[in-house]
Amino acid sequence: MKKALIIIGIVFALLLGAAVVLPIIYKDKIIALVKDEANKNLNAKINFGDFGLSLISSFPDFRICMEDLSVAGINEFEGDTLAFIKELNLDVDIMSVINGKEIGINAIILDAPRINAHVLKGGKANWDITKPSADSAAAAPAEPSTFSLKLKKLKISDGDIIYNDEDGNILASIKDLDLILKGDMAADNTSLNTEATIAALDVVMDGVKYLSKTNTELKAVIDADMKNSKYTFTENELRLNNLFLGFDGWVAMPTEDIDMDIKFNAKKTDFKNILSLIPAVYAKDFDKVKTEGKLALDGFAKGRYNEKTLPAFGLKVLVENAMFKYPDLPKQVDNINIDVKINNPGVDADLTVIDISKFTFAIAENPVDMKFLIKTPVSDPDIDGKIAGRIDLASVKDVMPLDGADLNGKIAADIILKGKKSSIDNERYNEFDAKGEFTATDMKYSSKDLPQAVDIKSAQLKFNSAFIELTSFDSKIGKSDFKANGKIENYLDYVFSDNGLLKGNFNLTSNVIDLNEFMGGEEEATATPDTASLAVIDVPANIDFTLTSAIGKLLYDNIEMTNVKGKITIKEKKVALNNLDMNLMDGTMNLNGSYDVSNIKKPVVDFDIAANGFDITKTFSTFNTVQTLAPVGKYAKGKFSSSMKFKTELDSKMEPVLSTLSGGGKLSTNQVRLEGFAPINKLADALKMEKLKKQELNDVNLSFKFENGRVNVEPFDMTFAGFKTKIGGSTGFDQTIDYVMNFEIPRSEFGGQANAVLDNLVSQANSKGAGVNVGEKINVNAMIGGTVTNPTVKTGLKDAANDVMDDLKDRAQEELNKQKEELERKAREEADKLKNQAQQEADKLKLEAEKKKKELEDKARQETEKKKKEAEKKAKEEAEKKLKGLFK
């Protein structure tokens with residue numbers, strides 16, 4: 001017994017020692033294999049934080065743990081993160097690691113993955129990151145993978161997934177996904193046990209929201225024929241809020257085609273189950289809602305799916321004589337009758353028929369009746385639909401809890417659409433019956449989420465075959481009032497075609513529009529327009545709108561614009577401003593230009609601005625960009641006018657990317673007071689002229705350009721402190737300064753300490769052989785450098801105008817030479833790189849040629865030796881034969 005205990009202790013100690021020692025021994029090896037496998041197979045940027053290896057928590061498997069794993073895209077998806085996983089655990093077969101051959105992965109466990117799946121127009125997907133394998137017989141065979149999937153378990157905890165399919169116009173969001181999948185996925189046949197829950201599922205297709213924050217649960221046992229990629233549903237249940245669905249059938253994917261024979265139906269037939277899919281009803285006290293009525297829901301999909309063909313499919317939804325009522329509210333929604341049939345015999349999507357033969361309900365005795373039939377939806381939508389109803393919105397609070405919201409007013413609709421889209425396309429409007437109107441009167445709405453009450457006094461839309469006419473729109477939101485009218489054209493083509501262009505022409509008038517009321521929280525409302533955290537605003541590609549506006553007062557943060565008039569055009573992912581006039585900053589402005597999001601990652605603004613009489617102090621304090629480009633504005637008071645053109649990219653916060661800024665213009669001022677500006681103060685100290693520190697500048701006219709990260713100011717003449725002055729230079733976006741100022745100062749201005757400075761300047765000039773004689777007017781040159789807040793000043797005596805120009809030219813030439821040298825250096829580096837690549841290629845070809853030559857020489861030598869031996873053998877045989885003849 002004692003020996004047995006000792007043996008058990010030794011074995012336990014060995015196992016414990018192995019659990020500690022083996023991960024240390026094999027950690028570096030596995031890290032190298034993981035990185036090598038990623039580089040070998042993936043076209044993406046892979047990064048991860050801490051890397052761990054354990055045997056205790058996953059015995060008898062090794063557990064590989066990677067924290068903060070990220071997979072980022074390249075090329076078209078540069079800057080996009082496909083996945084970020086807080087922790088990825090892989091359980092691998094211990095013996096496969098020790099053997100050093102193919103490492104078998106038995107389990108994958110993901111904690112808090114954030115997946116962003118993105119499909120571009122044209123079908124390019126960001127998860128298609130595997131490197132293409134060799135596809136020609138001559139190509140080298142693909143390297144075998146170091147890892148092999150022998151999965152028995154897949155687990156995901158707290159996962160968030162976004163699926164954005166621009167090609168299919170689908171947007172889906174999965175929030176808080178928990179999933180566990182078990183089964184021997186390395187076996188030819190296995191049962192896959194699946195359990196998954198989703199806290200909130202959203203699905204939007206073609207702009208229609210099919211599921212909204214839907215709580216989802218899946219329990220399924222799937223018989224899997226892994227060898228033939230066929231999966232058969234046995235025991236399964238899908239829950240969407242309170243709607244329970246069961247599946248029966250199979251799906252097979254032996255090739256790129258997908259074959260299927262699936263049927264599904266509602267497992268519970270109470271109307272309350274499908275009612276749960278309405279977010280507003282399900283969100284509050286749903287368990288207390290009283291309902292009546294029955295539900296029948298079933299569907300199928302049978303056949304083959306690929307790029308060219310569709311399976312046959314169908315869906316039936318039937319609700320009869322249903323109602324629902326909250327116990328604490330006086331009225332109910334009743335007379336709910338729904339009959340929806342969607343069918344397609346297969347192969348062609350154009351054979352789909354959508355038949356909503358009945359969709360009726362009454363909200364507190366306010367009836368609504370809808371019907372809709374659509375045939376040939378792809379080639380030429382054939383439509384037959386109508387909607388009729390009148391609702392007193394005040395009665396909505398009697399049937400549904402509005403959670404503090406207040407709703408009043410009346411809406412009415414009576415619209416008929418019947419005919420083929422081709423009739424509209426070919427302007428045969430008489431063949432398409434479209435008529436009716438939608439009206440809203442005295443509609444008021446407010447809630448805790450929208451504190452600014454919405455008050456629509458009147459709104460009327462009239463429908464006909466050619467267009468929808470907005471005959472009137474009179475509303476108020478908070479302090480802002482809106483009156484509009486106009487026309488929407490091509491609306492049927494927009495609804496039923498993937499590339500339909502919606503056209504519109506509107507007139508907008510307003511006394512006051514306060515944009516601060518729509519900016520959200522208090523923190524946002526107090527930020528300046530330049531610093532407010534914004535996201536890039538996309539512009540739809542398939543609209544063509546023109547808005548002619550006349551706004552009495554437009555408020556945005558602390559900016560007040562008045563008499564805003566002009567035209568705004570939205571077309572081809574671009575917003576164009578045409579002769580937009582306004583008063584602001586105590587002056588006037590005319591604005592032309594555009595905001596272009598053809599590339600959503602690099603939006604571009606291109607503006608032509610004419611500002612007149614702007615207050616410098618207000619302009620500087622309002623716009624952060626002005627603070628960067630013209631820091632002198634902080635120390636100036638007065639007014640300025642400017643005509644300016646500029647073009648720049650915007651970053652993800654809608655702020656200018658200054659490295660891309662180009663353009664220029666002119667600026668003029670009159671009676672501007674300058675005081676406290678550090679470079680001028682330092683100049684005044686250098687010249688011992690205190691009067692320079694406070695100046696009134698008159699009739700300043702200058703030209704400037706945005707180039708290479710600087711505002712370059714062309715040399716210009718002005719009067720400074722009563723002195724004739726020429727100034728030129730530049731201010732960097734990094735607040736560095738480089739200016740030359742030349743003053744023509746009367747000798748009489750030099751007194752006291754200033755005379756001592758003058759004598760010193762003369763002595764310096766004469767010591768260099770200048771032979772300067774002091775006259776009545778002294779030309780003083782000042783070179784100002786450093787930064788705005790920490791300037792440097794050098795002074796001297798020179799020939800004023802010419803030397804300023806010469807100095808500026810010299811500096812420009814110096815900068816040009818630097819840029820030239822930089823370009824030459826880069827060109828040399830690129831040439832050397834290409835030369836080295838060519839040399840490497842030549843060396844490679846040389847080695848291959850020498851190798852081939854050696855192979856041929858070896859082969860020739862072997863052939864020669866062979867023939868020599870054969871000749872010797874033959875000669876020997878002949879000699880022996882002759883010798884035998886002689887003996888005979």
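Phe359 is partly exposed, because its relative accessible area is 28%, and the term covers the range between buried, under 20%, and exposed, over 50% (1.4 Å probe, protein chains only). This is a predicted model, in which local features need pLDDT of at least 70 and side-chain atom pairs count only at pLDDT 80 or more, while totals for chains, interfaces and linings use all residues. Residues are numbered from 1 along each chain as its sequence is written, and side-chain values use heavy atoms, with hydrogens and water left out.

Across the whole structure, a search finds 10 aromatic pairs, where rings of Phe, Tyr and Trp (its six-membered ring) pair if their centres lie within 6.5 Å, and planes under 30 degrees apart count as stacked, over 60 as edge-to-face and the rest as tilted. Phe359 and Phe361 have ring centres 6.3 Å apart and planes at 80 degrees, so this pair is edge-to-face.

The rings of Phe720 and Phe743, by contrast, have planes at 50 degrees with their centres 5.9 Å apart, and therefore form a tilted pair. This pair links distant parts of the chain, 23 residues apart, with Phe720 in strand E34 (residues 710-720) and Phe743 in strand E36 (residues 737-746); strands (E, at least two residues) are DSSP runs, numbered from the N terminus. Phe720 counts as buried at 2% relative accessibility, and Phe743 counts as buried at 0%.

Elsewhere, one aromatic cluster is formed by Phe233, Phe247 and Phe264. Lys268 lies over the face of Phe244, 4.2 Å from the ring centre, and Lys487 lies over the face of Phe467, at 4.3 Å; a charge sits over a ring if NZ of Lys or CZ of Arg is within 6 Å of the ring centre and within 35 degrees of the ring normal.

Methods:
Helices (H or I, at least four residues) and strands (E, at least two) are DSSP runs, numbered from the N terminus.
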